[in-house]
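Visitor: I am new to this structure. Please show me how to read the places where its parts touch.

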Amino acid sequence: MGAARGREALLRRNVQLRLHVNGEAVEVSFPPYKTLLEVLREDLGLTGTKHGCELGECGACAVLVDGEPQLACLVLGLECEGRSVETVEGLAQGGTLHPLQAAFADLGAAQCGYCTPGMLMTAKALLEREPAPSRERIREAISGNLCRCTGYAQIVEAIEAAARAMRERA
Amino acid sequence: MMRLPWFECRAPRTVAEAAAILAAEGPEAMLLAGGTDLLPNMKRRHQTPRLLVCLRRVEGLRKVSNGAALTLGAGLTLTEVLREPRIPAGLRQAAAQVATVHLRNMGTLGGNLCLDTRCTYYNQTYEWRRAIGFCLKKDGEICWVATASKRCVAVSSTDTAPALIALGARVRLVGAAGEREIALEDLYRNDGIDYLARRPDELLTEVIVPDRGWRSTYWKLRRRGAFDFPVLGVAAAARFAPDGTVLEARIALGAAASRPFLVEKAGAFLAEKKLTDEVIAEAAAIAASRAKPMDNTDLDLYWRKDVADDFVGYALRDLRGDDMRAVRLRTARYLPGEPPGLS
């Protein structure tokens with residue numbers, strides 16, 4: 001019994017690895033069961049990414065992994081070694097908001113704000129792949145992100161406005 | 001907050017290495033591909049493996065190769081499948097309708113084929129299940145859907161499997177002792193618990209889709225067009241003579257039993273016939289008579305039975321070349337997109 005418990009304790013070790021979050025390499029140590037969401041929020045202090053349903057149904061925890069929107073609640077932290085992770089904290093550059101953030105603020109696309117980080121990251125990936133998406137494409141791209149406040153109309157308009165701003169700037 | 005339970009993790013680089021780990025560790029080891037099915041289940045304590053074998057770094061599982069048949073690596077994400085123009089339309093349509101954009105970026109083709117069966121009494125938190133005394137599928141002794149049933153009736157909820165069965169696909173299973181290739185429909189058993197004929201030490205590595213120039217389509221019934229598991233999936237594929245006569249046809253149903261299955265009788269009925277409205281109605285009735293849904297998913301059971309022949313009819317009219325876009329939008333909030341796969 002004692003030996004079995006000792007073996008168990010030996011196995012229950014943290015993993016230590018290097019993650020690339022918002023362009024920075026960070027060394028982090030955490031138990032292997034932690035999801036990327038838990039590592040971001042609890043071990044790296046990046047609480048912009050939100051805990052929602054925790055089962056992959058709401059999109060509140062969406063981040064970009066290697067440039068693609070994925071759900072941080074269903075990705076193991078230890079599977080992110082060597083992959084690029086982008087969160088809402090990496091959007092603004094210096095004191096300047098990302099065009100998506102500016103458009104969301106200007107057009108009332110955030111009310112309670114809980115879905116906003118996931119919406120922003122999902123929209124960022126869309127605009128990087130398709131600079132001029134149709135309204136239908138925008139709706140499809142954010143169809144995995146639930147919002148209970150806005151009714152989505154302002155969010156779609158904000159993504160369209162940001163796309164226009166980004167095309168004019170380019 | 002739902003934490004995952006403790007586990008060890010191994011990240012093999014080759015299929016042989018992964019198979020050796022499975023053979024050595026036995027049933028306490030489970031495979032982790034995209035994680036979109038297993039990790040929620042682990043959070044709810046449906047599965048508590050001691051060891052996870054992470055497949056992300058295994059070489060060769062994301063290949064697409066085109067020889068006498070189209071070979072698809074089981075590790076391709078569903079997004080990769082729906083964007084690949086060489087893949088037949090029916091499979092791309094099925095992949096495009098699995099879950100949401102984010103989950104399709106994570107979930108894999110192999111993972112969707114091996115998806116755990118689902119039930120309203122099973123896909124609940126540990127505390128919820130404990131409160132009702134658990135069920136046959138996990139920790140309990142009774143099926144709450146059919147209390148006299150000795151068999152678990154949890155429903156097969158994969159979209160890609162019926163699409164691939166209609167296309168006549170085969171799968172390669174690799175174990176420590178060797179490998180085998182079987183027809184995809186033979187991978188499944190009509191048992192909500194023991195639903196796969198995959199041996200515990202085997203990995204599903206490849207899907208082989210014969211290149212037969214068949215027309216194919218997939219129709220999905222669910223509550224929300226943007227999300228949700230199927231409560232009915234209808235896949236149809238056929239090869240036509242230049243005058244429109246069906247030479248061969250295959251119809252497969254999903255979410256209508258504990259396994260996806262081929263309705264051979266409906267396919268055989270269509271051979272040598274033209275797809276007139278009458279022929280379509282009769283084939284649809286034959287196929288729908290095989291759908292035996294249980295009251296363990298979303299939406300009303302009787303309605304789900306009622307619309308089964310409508311959905312088979314939609315699929316066959318689609319194969320005939322009717323413009324089905326309005327029906328697609330109305331029933332599924334989905335339009336097969338251009339360029340291919342941008343659903």
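Guide: A contact here is a pair of residues whose C-beta atoms, placed from the backbone, lie within 7 Å. By that rule, 15 residues of domain 1 of chain A are in contact with 13 residues of domain 2 of chain A. This is a predicted model, where local features need pLDDT of at least 70, side-chain atom pairs count only at pLDDT 80 or more, and totals for chains, interfaces and linings use all residues. Residues are numbered from 1 along each chain as its sequence is written, while chains are lettered from A and ligands numbered from 1 in the order in which they are written.

Visitor: Which bounds does the domain assignment of chain A give?

Guide: Domain bounds come from an automatic or database domain assignment. In chain A, domain 1 is 2-90 and domain 2 is 99-169. Their C-alpha centres lie 25 Å apart.

Visitor: Which strands each supply at least two residues of the side of domain 1 of chain A that touches domain 2 of chain A?

Guide: Strands (E, at least two residues) and helices (H or I, at least four) are DSSP runs, numbered from the N terminus. On that side of domain 1, they are strand 3 (62-65) and strand 4 of chain A. Strand 3 of chain A gives the largest share, 3 residues.

Visitor: How many residues does the contact take from chain A and from chain B?

Guide: Chain A gives 24 residues and chain B gives 25. On the side of chain A that touches chain B, strand 4 (68-71) and helix 5 (135-141) of chain A give two or more residues. The largest share, 4 residues, comes from strand 4 of chain A.

Methods:
Two residues are in contact if their C-beta atoms, placed from the backbone, lie within 7 Å.
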